[in-house]
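Colleague: I'm new to this one. Could you take me through what is packed inside and where space is left?

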Amino acid sequence: MTRTLLVTGGAGFIGSALVRMLLTATDYNVVNVDKLTYAGNLESLNDVADNSRYSFELADICDAEAIRGIFSQHQPCGVIHLAAESHVDRSIDGPAEFIRTNVFGTFTLLDEGLKYWKSLDDSARGAFRFQHVSTDEVFGSLGKDGLFTETTAYQPNSPYSASKAGSDHLVRAWHHTFKLPTITTNCSNNYGPYQFPEKLIPLVTLNAIAGKELPVYGKGENIRDWLYVDDHASGLLAAFERGKPGETYNFGGNNERTNIDVVRTICRIVDKLVPDSKIGARESLIRFVTDRPGHDMRYAIDSSKAQRDLGWMPRETFESGIEKTVRWYIDNMTWCEHVQSGAYRRERLGLGVNQ
C-alpha cells in the first residue's frame, strides 16, 4: 500500500496547516478532499500546491459516490477527517448545514471507509487508520476548576457542538461494531495563520488594524485554552502514527485566557506593529455586546494522555504564538481580502435572526 493520506477539509484552517506540514516534514502523499465552502480556500496551500506528492479532489463528504471513487483511485493508508462546519454563531443562525455536514458527512465517510477497509489485504487492513478530528466543545462548560479529559461526559450546548458530538459517537460505534480502526482527537481553541476571520483572533486583529469596533461578548470573561495550529497539526500526525485504534486523545495548549485578555493583548501588539495616531490606542475600540445564546463559560484541556502516550507537547506559548499570528495577518492582507470576497464581511453572527 502506498503511504497516501486522505485529508478531508484540507483547504480549511487546521486542515491546510496539516497538509502543509505533511508535505514539508514527511514523505506521505496527500490527497486534499474539500468542498471549498466559504471557509476553505486553496490560497492557503499556495506554498505546496506544486508538490508532486499533493493532489486535490473537489468533493462533498456527503456524496457517497464521489468518496467511493476517491478511495478507489488513491488507495490511501488512512484518513484524517477534518471537514466540518465549525462556527458556533453560524450554527445558531442555520443549524441544518451543521447536521448535514458534521453528522451525515461523517457517516458517509465511515460507511465508504469501512467498505474500502474491508477490501484490503490483511497487512493493509492492519495499517489503516480512520482519524476523526473533533473539539472540546462536545464536553460542554467547565466550572472555575478542573480540565476536560478523554473520559469527560459529553454535554454539548450549541448546534455546532451537538453535531460534533454526534459525529464522535458515530466514529466510536463504527470501531466497536464494525472494528474499523478509528482514532478520535479533541482539541481546544486553535489560532494561527490562515484562520478565516469570523473567529475571535483574526476578527479582532483585522478590525484593530482597520480602526473598527472590537465586539466582545458579555463582559469578556469567558475562558478558552488556546492551541497554536501548527502544534495541533503535529499532534494529529502523532495520533495517526502512534495512536491506538479505539482511543481518544486530547490536545490543548495549556494557555487559558479570558476573551477580554486575548482582545487586549491583540490591541497592544497591533499598536506596536501598526501605530496609527488617528486611531490611537486600539483598546478604545472595544465594545461589549449582547452575549451569544448558551455561551459556555470555560473550556480547558488535559493533554497528559497525548503527552504520555504519543510523546507530544505544544511548542508555542500564547505569548509567542499570538504575536506570530498578528504579524502574519499584517503581512498577508491580500490573503485576507481574497478569502473575504464571498458573503462574510466580519459582521456579527449568531443572533438567531434566520430562525
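Colleague: What makes the largest nonpolar core a core, and which residues have the most contacts inside it?

Modeller: A nonpolar core is a set of buried Ala, Val, Leu, Ile, Met, Phe, Trp, Tyr and Cys residues joined through side-chain atoms within 4.5 Å, where buried means under 20% relative accessible area with a 1.4 Å probe, protein chains only. The largest such set here has 34 residues, and Leu 18, Val 19, Leu 22, Leu 82, Phe 251 and Leu 310 have the most contacts inside it. At least two residues each come from β1 (4–8), α1 (13–25), β6 (182–187), α8 (229–242), β10 (248–251) and α10 (304–310). The top contributor is α1, with eight residues. Those names are DSSP runs numbered from the N terminus: helices are H or I, at least four residues, and strands are E, at least two.

Modeller: Bear in mind that this is a predicted model: local features need pLDDT of at least 70, side-chain atom pairs count only at pLDDT 80 or more, and totals for chains, interfaces and linings use all residues. Residues are numbered from 1 along each chain as its sequence is written, and side-chain values use heavy atoms, with hydrogens and water left out.

Colleague: Which residues is Leu 22 in contact with, leaving aside its neighbours within four places in sequence?

Modeller: Leu 5, Val 7, Tyr 28, Val 30, Arg 53 and Leu 237, contact being heavy atoms within 4.5 Å.

Colleague: Why is a space called a cavity and not a pocket?

Modeller: On a 1 Å grid over the protein atoms alone, a cavity is a set of points where a 1.4 Å probe fits but cannot get out, whereas a pocket is an open set with protein on both sides within 12 Å along at least five of seven lines; lining residues have an atom within 4 Å of a point. By that rule, there are two cavities of 30 Å³ or more. The largest has a volume of about 50 Å³, and Val 88, Glu 137 and Arg 292 are among the residues lining it.

Colleague: How many charged residues line the second largest cavity?

Modeller: None; its lining has seven nonpolar and four polar residues. Charged means Asp, Glu, Lys and Arg; Ala, Val, Leu, Ile, Met, Phe, Trp, Tyr, Cys and Pro count as nonpolar, and the others, Gly among them, as polar. Phe 13, Asn 41 and Trp 335 are among the residues that line this cavity.

Conventions: Buried means under 20% relative accessible area, exposed over 50%, partly exposed in between (1.4 Å probe, protein chains only). Grid points are joined across faces, edges and corners, and a volume is the space filled by probe spheres set on the points.
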